[in-house]
Each structure stands twice: as structure tokens, then as C-alpha cells.
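Thanks for passing this one along.

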Amino acid sequence: MYEASPGETILPSRQEVRSSRGLQDKLIIFLFLLPSTVIFLVFVVYPIFHSVYYSFFNWKGLGPAVDFIALDNYKRILTDRVFLIAVKNNLIIVFLSLLLQLPLSLGLAILVGRNLPGRAFFRSIFFMPYVFSEVITAIMWLGLFNPDPDRGFINALLILIPGVEPFPWLADTRTVLLCVFVVLSWKYFGFHMLLYITGLQNIPLDVEEAARIDGANRYQLLFNITIPLLSSTIRTSVYMSVLGSLQQFILVWIMTHGGPVNASEVMSTYMYRFGFVRFYLGYGSAVAIVMFLICLAFSLVYQRLTPQQDYLGGI
Amino acid sequence: MTHKIFTLLSIILIAVFALSGCATPATTVPTEEAVVEAEPTQPAPTEPPAEPTAAEAEVEPTVEEQPQVTVTWWHIQVADDQKALWQGMADEYMAAHPNVTVEITVLENEAFKTKITTMMQSGNPPDIFQSWGGGGMNEYAIAGLLKDITADLEKDGWKDTFSPGALGVFSFEGKYYGVPRDMGAVGFWYNKDLFAQAGIEAPPTTWSEFLEDIQTLKAAGITPIALGEGDKWPGAFYWEYLAVRIGGQAAFDAAYSRKGAFTDEPFVEAGVKLQELVALDPFQEGFLGATWPDEQVVMASEKAAMDLMGQWAPGAFKDASVDKQGLGDKLGWFPFPAVEGGAGDPADALGGGNGFVVGKDAEPEAVDFLKYISSVESQIAQAEIGLSVPVVKGAEVGLTDPMLVLVQQGAAAAKYFQLYYDQAMPPAVGGVVNDAVQGVFAGTLTPEECAAMIEESAQMELK
Amino acid sequence: MTTIITPSKNALQRKLPRIFQYLILSFFVLIVIVPIVMIVFGALKTRGEFMTRPYTIPFPPNWDNLDKIIHQPSFWRMMLNSLIVMFATTGCVVVFCSLAAFVFARTEFRGKGLMFNLFTLGLMFPINIAILPVYLVLRHMDLTNHLTGVVLIQVAFLLSSNILILRGFFAAIPVELQDAALIDGCTIAGFFWRILLPLARPSLAAIAALTMITSWNDLLVPLVVLDSDTLWTLPLGTMQFQSQYGQDLALVAAFLTLSAIPTIIFYTFAERQIVSGLIAGALKG
């Protein structure tokens with residue numbers, strides 16, 4: 001949970017200044033918060049409760065919700081084999097992101113560094129996938145993964161190696177999730193790299209310099225100096241990456257529809273399948289709430305494990 | 001920390017309930033929320049002075065004092081010539097009826113499905129919109145979102161202009177909610193050159209001949225079948241057609257009426273036959289992840305010999321080929337082979353089509369306009385550009401493509417016409433059929449498990 | 001920030017030979033640009049070429065696709081709609097978020113922690129989960145089929161993350177400045193307007209740039225909210241090129257390429273701002 005750290009908030013030191021301004025300040029605070037609070041309550045918080053309400057019904061989205069079934073939707077979700085597969089797949093994407101994507105981003109951030117000639121060029125190129133929409137990204141990669149070497153670039157490269165057959169990347173239940181992860185990484189690693197670059201630029205040069213003069217080798221330097229000093233940035237990046245991985249939707253839906261046979265099913269595609277394909281709106285709402293609770297639980301645990309306040313702060 | 005969360009949640013709860021008056025489930029007090037929810041089902045606000053329909057239709061153009069009416073029309077024909085045809089008709093109609101404005105929204109198929117879902121759930125249907133009839137339409141009808149146009153159809157013999165089978169798809173419990181514009185049967189499209197190359201003289205008529213031909217094609221180094229099973233519905237055709245051939249009308253009727261079940265022998269047997277086919281590995285590499293557009297390209301580039309698909313296939317092959325000519329004379333068509341010992345008649349067909357239904361708030365002008373675009377002249381024009389396999393009598397003359405004539409005759413000759421399962425049944429069951437059959441294609445489900453999955457969903461949905 | 005100006009290089013980098021460093025980076029540059037190049041190639045092919053040989057170099061290039069699109073009035077209308085939505089959303093996000101973030105970062109009042117946590121809930125409930133109830137609310141307010149509706153929803157779902165980010169930026173601005181300003185008789189509003197905002201300009205530019213990208217690429221909200229095609233935004237336009245039973249992929253590629261150009265132009269201008277803006281925010285950590 002958020003806790004105000006001392007020194008973060010400034011109250012005028014003199015008692016009289018404070019009291020004479022109290023009312024005026026309150027008014028300003030109220031007015032400043034008003035627009036965002038109203039929009040947020042109406043378009044975000046109210047729909048959350050809307051979803052909670054419908055999640056207790058067997059409701060097909062047409063007409064009023066009348067068939068109240070209490071927690072049955074939730075019971076079904078938590079025992080549904082396919083939902084558990086979706087959760088597992090989400091977790092696999094989370095772990096792969098943490099194990100591969102973020103270290104890669106950090107590594108590239110360090111390589112691009114502070115004064116490599118041409119660093120602005122590399123930075124721009126690496127960030128570019130983030131600028132493209134998920135729709136464009138999915139269409140691009142669908143083409144690359146095409147199993148027919150006459151049409152798919154990856155297989156066209158593959159068959160140049162003697163004795164290697166083209167491989168149906170998105171059609172094989174063993175590789176499809178990995179392919180989705182590759183595309184997600186392609187799109188988002190630049191964003192995390194940018195975070196790390198900014199973090200690195202805030203590490204005073206003399207700290208590293210001093211450590212180096214003290215005889216630290218580069219691994220010691222990396223693990224004992226750089227990474228600890230980057231801890232705040234890393235926490236932020238991990239937090240955003242985990243939430244992003246849990247909520248990923250459009251890319252997966254366009255690329256695989258969660259298939260074949262649920263091999264790339266994630267929670268959001270599962271929700272979409274029930275809500276918009278099979279019209280079980282009550283059930284779909286319950287899935288949305290379960291996703292919401294999973295993200296909330298992660299946030300709470302994460303903030304407890306990392307007690308320092310980051311600039312993302314919050315829950 | 002924990003208690004903070006609780007305080008937070010309870011405060012939001014109070015705030016939101018105060019803000020919205022969110023009705024708690026058990027409450028019967030008509031709070032604001034309850035009113036909002038009730039709205040969609042309120043019987044369509046009684047049609048404004050019910051009479052004028054006929055009168056207005058007669059007097060038409062010059063009368064200025066007629067109230068201005070807007071008809072919203074949603075269709076999914078995004079191809080240039082098809083879109084232009086519809087737009088042209090709307091323009092003509094508006095010229096003849098100055099008091100009517102037709103507002104067209106054109107959406108691509110998938111986008112249409114997403115959007116119409118939200119529109120319907122909010123109780124706000126367009127006046128005229130694309131529909132495939134059957135189970136999906138029935139759900140809208142039950143929820144009171146569609147307008148009953150039975151009376152209009154009875155008048156002046158409008159009803160009799162349609163072929164009854166096609167029109168029947170748009171009826172539910174004796175009432176009509178829309179009209180068809182297109183209807184055809186699914187069958188095998190095949191590449192005559194590739195068949196000849198493998199030494200196959202005539203297309204197969206039975207399932208065992210079919211399996212033999214597949215082996216012959218494979219032996220000749222030709223991929224026998226193109227399939228986009230990533231989209232699921234192309235593969236579901238195989239299982240559904242096998243069920244039609246093995247169990248015939250009786251099996252489906254029994255399962256649908258709940259006197260029988262989808263775990264009955266014919267449906268399991270359909271899975272077993274499908275397994276036989278899959279075991280021969282007749283599909284192009286990566287078919288499990290491929291889509292229907294991929295399937296088109298495989299066929300159009302002559303990389304596979306056969307494709308089980310509906311009446312839209314020749315047009316799609318043209319689209320997908322380099323020179324936009326499709327397979328030309330090489331393209332042939334044969335009906336789904338008979339299964340030895342099956343109860344179904346070999347002439348029975350699986351298929352379906354497209355049409356338009358009328359939203360609950362539609363003005364009489366909307367129905368009049370629907371009549372206009374369903375005229376025989378309109379149907380001929382649609383057939384000429386390959387948009388529709390016509391369902392209005394006398395419009396067959398517009399059908400120039402000999403292949404489409406075959407499909408049209410196939411559908412017309414069928415003693416029993418089985419609508420695609422995802423249209424014959426509620427969308428939820430259709431979705432499960434598609435998912436379960438994909439499991440058989442992937443080898444992750446046995447025929448029994450596949451049938452059981454479908455039956456489980458049917459128990460929930462069919463009464 | 002303690003920026004020590006030393007001519008020395010990063011110690012980590014010094015150990016790696018430059019050439020090796022460039023090799024690794026070039027490898028990743030290749031991975032990043034190959035898919036992008038492919039789609040640009042696709043845009044310059046005929047439909048048949050795209051379907052049969054999608055990864056060859058289009059020679060001679062076929063300009064028909066691009067030509068066809070830029071001569072469609074609907075393309076420019078959608079471009080205009082996209083721009084309107086993008087600027088309106090970005091304007092609202094920057095204004096509303098900086099006001100709220102300022103309150104959370106620099107003032108004290110009862111219930112502040114609670115309010116702040118309320119906003120962070122938005123991170124757990126992304127728009128693609130919330131789309132149906134959100135649509136119902138919008139319809140109740142009679143804002144469907146209006147660009148305003150699209151803007152409002154986009155703003156609502158971008159508030160959480162941007163308030164969080166900006167709050168960090170604002171909290172990083174030295175405390176002494178606020179003390180001095182208040183003692184000089186500035187109100188907190190005056191401090192916000194005259195001192196804090198000018199100082200935070202790079203950070204505001206950063207969130208503005210990120211918001212613009214998100215808004216420009218948004219497909220789901222415009223799809224659900226807008227009916228009439230005169231209001232459509234560019235992502236919806238791709239559908240124009242998809243037919244019911246197939247797709248003209250070369251034309252879609254051309255459309256995607258053209259519709260992405262504004263973001264890329266914009267990004268190259270804003271990239272420096274994003275980087276320096278994020279640096280300012282990271283100061284606190």
C-alpha cells in the first residue's frame with residue numbers, strides 16, 4: 001500500500017501560513033482532483049462493479065440478467081481445465097519475460113550505454129516496435145511464421161540449412177506459445193530498454209569509476225554496483241511487465257485465437273471466447289473479475305516484497 | 001495493509017452504489033440500474049400508428065409532409081463491387097422515396113460480429129442487418145430484439161418469391177424475422193489437373209474411395225487437402241458432414257430435440273471416420289495454425305488438390321490467386337462422399353447462407369426497403385457479381401458460373417438440408433463443436449471425448 | 001542529480017571491444033527491422049506477389065497500392081478523425097493527470113492514500129476486459145457514435161498509469177522550491193502553474209508522446225463506439241480492405257504502412273523528449 005514517505009510532502013513550516021491557507025488549499029485540491037476522479041469513477045470504477053454484478057448471473061447478454069446463480073460461475077472457472085491452462089500459459093509468459101525479455105533489455109541498455117557513438121540510432125530502432133499497433137505487429141509476424149517456405153520468411157531461412165525441414169511454428173502445440181512470447185518480446189523489449197537506459201543515466205559515473213579503481217572486475221561491477229543502483233527501475237519494469245503479460249489480448253487473439261487446441265490460450269482470450277463468441281456474458285464477467293483479482297493480488301504481494309517506494313508506487 | 005484495502009474497497013463500494021444505484025441481486029426495488037437493465041426487453045415500443053405502411057408505400061415520392069425516416073442498414077460486403085451494388089440500391093431507393101434516408105454501415109465479418117454483439121447486448125439493434133439465421137438469430141428473437149415481419153411476408157405474396165428452405169432459416173417458432181439472400185451447400189472443390197496428374201479419373205463417391213484417392217494423391221507427391229483449421233469452422237464441416245451421412249436427419253433431430261444425445265453412436269462414429277482421415281495426414285503443413293485465407297492461397301496456388309467449402313469458395317480462390325483468375329477450368333466440384341452403411345441419403349446437404357433480419361425498432365419503411373433489395377432484379381444483380389447464390393425464384397438466370405450452378409442445384413436437390421451446426425444451434429454449442437472437432441484434428445481428443453464435450457454444452461443450451 | 005563530467009567511459013563498456021558491441025547490437029537491429037521491412041515490401045507489391053513471394057524485394061516497386069489509398073477521400077477523413085481523437089485524448093490526459101498527480105505528490109489531505117489507491121485499481125482492469133460495461137455506460141449517456149465517447153474512454157483508461165508516472169516526476173522536484181514559493185506568497189496553484197509545470201515539461205512531453213502512441217493505435221474502443229464510417233479512425237479503416245472471405249494483404253500492408261507513418265514521424269521528434277522525460281522521473285529512485 002501507499003504510504004507517504006517523510007519529506008515527500010511539503011507543508012509550509014510556519015504554522016500561520018498553513019492555517020490561513022487551509023481552506024483555499026482544500027478548494028484547490030478538490031478542483032484539481034475533480035476531472036480525473038469523475039471520469040475515473042464513471043468509466044472505470046462503475047464498470048468494475050457492473051462486471052461484479054453480472055458475474056453472479058447466468059446471463060447471455062440479451063435482455064435483463066435474471067438467472068441469479070451466486071458463485072457458480074466462479075466455481076466453474078476455477079475447475080475448468082481450459083481456464084487453468086490459460087492461467088498456466090499466462091504464468092509461462094510472465095516467467096519467460098522476467099527470465100529472458102527483461103535481462104535482454106537490460107543487457108542491450110548497457111551495451112547501448114552512455115557514450116557509444118550511434119547510440120541514439122540504436123535507441124530509436126529498438127524502441128520502434130513499441131510504436132506500432134498490436135494489429136500491425138500481429139499481421140507482420142503471421143507472415144513471418146507461415147509454414148510454407150515460399151510465403152514465410154522464417155521457414156525460408158530455415159530450409160537454407162541442409163537437412164532442415166520447414167516447421168509449422170504456430171500450428172504446433174509445443175511451439176505456439178513460445179512464438180507468441182517472441183512476438184511480445186519483440187514489441188515490448190524496447191520499452192523496457194528505454195526504462196533501463198534512463199535508469200543507467202542516473203547512476204553517477206564516479207561510483208562506477210571508484211569501484212573500478214578499487215579493482216572490481218566487470219561482473220562484480222555489474223552485479224554489485226550497477227544492478228543494485230538500478231533496483232528502482234528494475235522493480236518498475238518488472239511490475240509493468242508482469243501486469244502487461246497477464247493482460248495481453250489483441251496480439252494473441254489475432255495471431256492464434258488461443259489455439260491450436262488451447263495451446264496458446266491466455267486468460268483474456270478465454271474471457272473473449274466466452275463473452276463475445278459464446279455469449280456467456282455473466283461467465284465472461286466472472287473471468288474478468290478473476291483476472292482483476294489475480295492482478296490485484298500480485299500487486300499487493302509485490303509491494304510487500306519490495307517495500308521501498310518506487311515512482312510507480314501505489315498498491 | 002490489509003485493513004487499508006478493506007477500507008478502500010468498502011468506500012468504493014459505498015461510493016459506487018450511491019453513484020449508480022447498483023441493484024443488489026436480491027432486491028426488487030426498481031432502482032435506476034434495474035430500469036436500465038429492463039430497457040432492452042421492453043416490447044418494442046408499439047409501432048408508431050400501425051397503419052401507414054401500405055398507404056405510404058403507395059403514395060410515395062411527391063408527398064412532402066411525410067415524416068423523415070432514417071433506416072440504418074449494416075452489411076458485411078466490403079469488396080468494392082459488392083459494396084457498390086448495395087450502395088447503388090440504397091441510392092435508387094432514396095431517390096424514389098425522398099422521405100427515407102438509408103444509412104449504411106459496412107463492417108468486415110469479424111468486426112461485425114464483435115460490434116453487433118455489443119449493440120444487441122445494449123438492446124440497440126440496427127434496422128436491417130446481416131444475419132445467418134438459425135440459432136444465432138433465434139437468441140435475438142427470444143430476447144425481443146427483432147421485429148416479426150410475418151405479416152409483411154404474407155402480404156402480396158412476398159413470401160412465395162423465396163425458396164421455402166432458405167426462408168425457413170429465418171423463421172423461429174412460426175414467425176419470420178428476416179429474409180435470405182443467399183443459400184448454398186458445402187462440397188469438395190477440387191483441382192482437376194492435380195487429380196489427373198495422380199491418375200484419378202473420377203471424383204470419389206464413397207468414403208473409402210475418398211480415402212483411397214487421398215493415398216493415391218499422396219503417393220503422387222500432391223498434398224490432398226487444403227485446410228485452415230486455425231479458424232476451426234473449416235474443419236468442423238468434415239465432422240458435421242460425416243454426422244449427416246452416418247446419422248442422417250434422424251440423428252440430428254433426436255439430439256437437437258433432446259430425445260437423443262450428441263454422444264449417440266452416429267456422432268461418435270463421425271469422429272472415428274474423421275480420425276481415419278487425419279491419420280492419413282492429408283493436409284498441408286501447418287494446417288492446425290492456418291486460417292481460411294491461408295487455405296484459399298494453398299488451393300489457388302495449386303499446392304493442394306481439394307478443399308471442403310461452401311459457395312463462396314470460387315470467388316475466394318480468384319481473390320487469392322496471382323492473376324485474380326482463380327483455378328479457371330481446372331476447378332471442379334463434387335458432393336461430400338457417401339459413407340457406406342450410413343443412414344443419411346447421399347443427396348443430403350450441409351450448408352447455409354446469408355440474409356438480413358429486421359431490428360425491433362425498425363420503421364415500416366425499413367421493411368419496405370428490405371423488400372426492395374430482395375427483389376428478383378436485385379437477386380439477379382447479386383448473382384451476376386458472384387455475391388449470392390440466389391434464393392428468390394427466377395433469379396437463377398443471374399448465375400453464370402457453372403460451378404455455382406452445381407452448388408445451387410446441390411442445395412436444391414437435397415432431401416434434407418442440414419444447416420451448419422453453429423447456425424442450427426445456439427452460438428455457444430456451435431463454438432464448442434468447433435473447439436471439440438479441432439481437438440480431433442490435433443489428436444488431443446478421442447471421438448468419444450469430442451462427442452461428450454458437445455453433449456455437455458448441448459445439455460446446457462438446448463431444452 | 002549528480003552529473004560528474006568525466007571523460008571516462010562506462011567501465012563495463014570499456015572491457016568489451018567496440019566491434020563486438022556493434023555486432024551484437026546490429027544483430028538485434030536486424031531482428032527488429034526485418035518484420036517492418038517485410039510489411040513495407042508488401043505495400044510495394046501487387047496482391048498476387050504478396051501472396052506468393054512476400055519476402056522478396058519488390059522490384060520494380062508497385063506504387064498502385066499506396067496511390068490507391070492516398071487518393072481515397074475516406075483515408076484522409078479517417079486520418080483527420082484519428083488526429084482529432086489523438087490530440088483530444090492527449091490534451092485531456094496531460095491536463096487531468098498533471099493536476100491529479102500534483103495533488104498526490106505535493107499536498108497532504110485526509111484520505112489521500114485511499115484516493116491514490118483507487119486510481120491504481122485502474123491498472124488491474126484494462127479496457128479490453130471492461131469494454132462491455134463501459135459501452136453500456138456510454139450508451140446511457142448518449143455518447144455512442146461520437147468521437148467524444150472514444151476520447152472519454154481512452155482518457156479514463158489512461159489516467160491510472162499516467163498519474164502514477166507523473167506523480168513520481170513531480171515528487172522528484174526539490175522540496176525547497178515549494179517552500180520558497182509558498183513563503184513568497186504563492187498559492188499551491190500558483191506554485192503548480194508557475195514553477196512546477198515549467199520544470200516538468202520534459203516529463204509532460206514524455207507522457208504526451210506515450211499517450212499519443214496508445215491513442216493512435218487503439219482499435220477496440222473506436223470499433224465499439226463508432227458506427228458511421230465518417231467518424232472512423234485509421235485502425236478501423238484496415239477493415240475496408242478486408243473482404244468477408246479473404247483479404248487483399250498487399251493493400252492492407254500499404255494501408256498499415258501509411259497509417260503508421262505519422263506515429264513514426266512523431267516518434268522521431270519526440271523520442272529525445274521521452275528519454276529525458278523518463279530520466280527526470282527516474283531521479284527519485
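Predicted model: local features only at pLDDT ≥ 70, side-chain atom pairs only at ≥ 80, totals over all residues.

**Notes on the backbone and domains**

1. In chain A, A:A70 sits in the loop between α1 (15-54) and α2 (72-79); helices here are DSSP runs of H or I with at least four residues, strands are runs of E with at least two, and both are numbered from the N terminus. A:A70 is not a glycine, yet its phi is positive, about 50°. A:A70 counts as exposed because it has 10 C-beta neighbours inside 10 Å.

2. Residues are numbered from 1 along each chain as its sequence is written, and chains are lettered from A and ligands numbered from 1 in the order in which they are written.

3. Chain B has a positive phi to check as well: B:R258, a residue other than glycine, has phi near 70°. You will find B:R258 in the loop between α11 (233-256) and α12 (265-279) of chain B. B:R258 has 11 C-beta neighbours inside 10 Å, so it counts as exposed.

4. Do have a look at α19 of chain B, which covers residues 427-442. This helix of 16 residues reaches 23 Å from its first C-alpha to its last, close to the expected 22 Å (1.5 Å times one less than the number of residues). Because 15 of its 16 residues are buried, α19(B) is largely enclosed by the rest of the structure. Just after α19(B) comes B:G443, with a positive phi of about 80°.

5. C:P60 belongs to the loop between α3 (47-52) and α4 (64-70) of chain C.

6. Chain B splits into domain 1 (67-184 + 352-414) and domain 2 (187-351 + 419-461), with bounds from an automatic or database domain assignment. The contact between them takes 21 residues from domain 1 of chain B and 20 from domain 2 of chain B, where contact means C-beta atoms, placed from the backbone, within 7 Å. On the side of domain 1 that touches domain 2, α17(B) gives the largest share, 7 residues.

Key: Buried ≥ 20, exposed ≤ 12 C-beta atoms within 10 Å, placed from the backbone. Contact = placed C-beta atoms within 7 Å.
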